[in-house]
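Have the model open in your viewer and keep the selection tool handy. We will go from stop to stop, and at each one you will hear what to select and what is there.

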Amino acid sequence: MATPHRIAVIGGGPGGLYAAALLKRLDPGRELTVWERNAPDDTFGFGVVLSDETLGGIEHADPAVYAALQAEFVRWDDIDIVHRDRRHTSGGHGFAALGRRRLLEILHERCRGLGVELRFRTEAPPAAELATAYDLVVAADGVHSLTREAHADVFRPSLTTHRCRYIWLAADFAFDAFRFEIAETEHGVMQLHGYPYSRDPDASTVIVEMREEVWEAAGFAELDEHESTERCAKIFADALGGRPLRGNKSAWINFRTVVNDRWSHGNTVLLGDAAHTAHFSIGSGTKLAVEDALALAACLQEQPDIPGALAAYETERRPVVASTQRAARASLEWFEHLPDHLDQPPRQFAFNLLTRSRRVTHDNLRLRDAGFTRAVERDFGCPEGTPPMFTPFRLRDLTLRNRVVVSPMDMYSAVDGVPGDFHLVHLGARALGGAGLVMTEMVCVSERGRITPGCAGLYTAEQADAWRRVTDFVHAQAPGTAIGVQLGHSGRKGSTRLMWEGIDDPLPDGNWPLDAASPLPYKPGSQTPRELSRAGLTDIREQFVAAARRADRAGFDLLELHCAHGYLLSGFLSPLTNHRTDAYGGALPGRLRFPLEVFDAIREVWPAGKPMTVRISATDWADGGTTADDAVEIARAFAAHGADAIDVSTGQVVSDERPAYGRSYQTPYADRIRNRTGIPVITVGAVSSWDDVNSLLLAGRADLCALARPHLYDPHWTLHAAAEQGYAGPGVSWPVQYRAGSRRPQTGRTDAPKPRLTLGG
């Protein structure tokens, strides 16, 4: 057990106080000192929301604090969403809140009772100075942490300031639900987040938030606290019942996300907002800080020394915090782009808001509030007992029986561009697995347009005949499943090794020349491509046309043009890879010119009743590259030329990209395109569960969901999704040979995890 005897805590907020109380309780002989620059009754903000999970940890670790909190909590289950004078209520959510000042009083009393020294109105000495006199320094000094700043070279913080301004206010009445209300003003969209935190006397927290440009247009920059409070009360008079709002040293601020590469430095450790922040729209920073305190106390109890304890604390908390921050980022960005969703039907808008962070899902919400969820399903068009993913979707003359797409995945297993037995088994198995649409890998339009020697093609009659063997199998053995082909050209990313031999690395020998928008190598050591001339552009356009004709003769139901991931056509779209000065470069209309010419030429020969889609990279994840707004305009351009849907991916355009990976991380880009333009979209990228698919569809963020790796793990992913949801309708069909396995196998029980930290009364 790590046994620090003298412990200094910088910051007397809930996280610092609770850490002090726990550490003192674990070892009453310890000397604990807390420094807090403010007075005991000073606080900012009003109410604090804690989850049942956090409360469970407090109950096991400190029953006395838990009992005191229980006596103060306001509890409620409902969320009200008011949008264009329509209120929709969803129940079963389970919230608990209390006043921040009362929370601090409870923690002050507990610390004093345990013998913790509290030094109010006192600036803490620098952490470096404390670290020489104390065994452990807990830096809980908030979002503006001086400790973090003083040791930035070690903690390596990253601070991101976001686009909305918000202000914390209070109302002297208690909302009867967590309330979200949208105000569409002459200056732009504003939103209210409100929840009760006291019943004696009645009081609610009210947060008003809006985009920076709306805040400026509305004149809030010129208003003082009192004037801002009055203006907000007037804007949201209906929600407040005409009652006033009050502030508490309230100011308009931009939320900042704090991330640190390290959380400890010697015997100093960051806790709470000093280490990390998460947007208030998914919960409170207090919740994370209290959970940090619980984990830190437990690790000090379990580990043999302080360095080991601090390493274990960070190892335990970092993935939890990262997951919370991803959810918070998704929620924050949803509110930043709130205007994109305002024209949704009111109930779908409410469902979209509830599931914005992906912490609440369709299946989860069905358990919480079956009536509300069923109403959303009916509005969507789900027959009774039919999950959203098993509703049909039409593109021209092609009706997909469900919304699941097997995403294009390069297999690098063709010989001279000819797909063989592997492709038949690979694609055939996934067609038998129940997806509505199975896509080939990127099929190259020329030998020179291959990524690797193992890439499949459609530039010879032999290749077309081999593909016909695959499509015939799918149509005969998996009736109801469509098969699509993705056509592309490698551009500057060609002539490389097979993926498992060194992805994007040049071949050791036998390289072929590359073509691109501009003579820029993909990465250091890559081959420099040739800049295409007008004649070269014409040749490649005709290669796409010839491949499209072969694809039709091969029996494909849908054709997708690959304009993503840094391959040839993507290389024209991105300003990072297109430095041309002719009509095919410059501003976005010029960069779109060649991809649109290729699309138009293919559309002219592709049968009118068969759909065409386009895959794009909606961001390059790099400064100066394609932006989300560019992606909307790219989608509009392809739709104007006849694209039936946009397959929205991201990145892989430049080698120094910095993607923000996470669950369904590319869906916000698809969402933005769909809801700004009305164009059908396919979302792809870390969509892995049928619950995610149902949630994204029902929220109106996508029309189809493409899954790649889940189909590598389980070729029958869609069939199993149907079985797990108890669905046996027309949206999926088990092959007769497999029907004996159409029920989910029984599994053994699993035990629930034990509480993280348990101390006696």
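Start by selecting Arg 396, which sits in the loop between β17 (393–395) and β18 (398–400). Strands here are DSSP runs of E with at least two residues, helices are runs of H or I with at least four, and both are numbered from the N terminus. Before going on, note that this is a predicted model, where local features need pLDDT of at least 70, side-chain atom pairs count only at pLDDT 80 or more, and totals for chains, interfaces and linings use all residues. Residues are numbered from 1 along each chain as its sequence is written, and side-chain values use heavy atoms, with hydrogens and water left out.

**Backbone stops**

Arg 396 is not a glycine, yet its phi is positive, near 55 degrees. Its relative accessibility is 30%, so Arg 396 counts as partly exposed (buried is under 20% relative accessible area, exposed over 50%, partly exposed in between, with a 1.4 Å probe and protein chains only).

Next, select Arg 121, in the loop between β8 (117–120) and α5 (127–133). Here too phi is positive in a non-glycine residue, at about 55 degrees. Arg 121 is exposed, with a relative accessible area of 62%. Most residues other than glycine have a negative phi, and most peptide bonds are trans.

Now for a peptide bond: select Asp 200 and Pro 201, which are joined in cis with omega about 0 degrees. Pro 201 belongs to the loop between β12 (188–199) and β13 (202–211).

**Aromatic stops**

Show the rings of Trp 76 and Phe 178. Rings of Phe, Tyr and Trp (its six-membered ring) pair if their centres lie within 6.5 Å; planes under 30 degrees apart count as stacked, over 60 as edge-to-face and the rest as tilted. By this rule there are 25 aromatic pairs. The centres of Trp 76 and Phe 178 are 6.3 Å apart and their planes lie at 45 degrees, so this pair is tilted. Trp 76 is in strand β4 (residues 74–76) and Phe 178 in strand β11 (residues 178–185), 102 residues apart. Both residues are buried.

Then pick Trp 334 and Phe 335: with centres 5.3 Å apart and planes at 85 degrees, the pair is edge-to-face. Trp 334 and Phe 335 are both buried.
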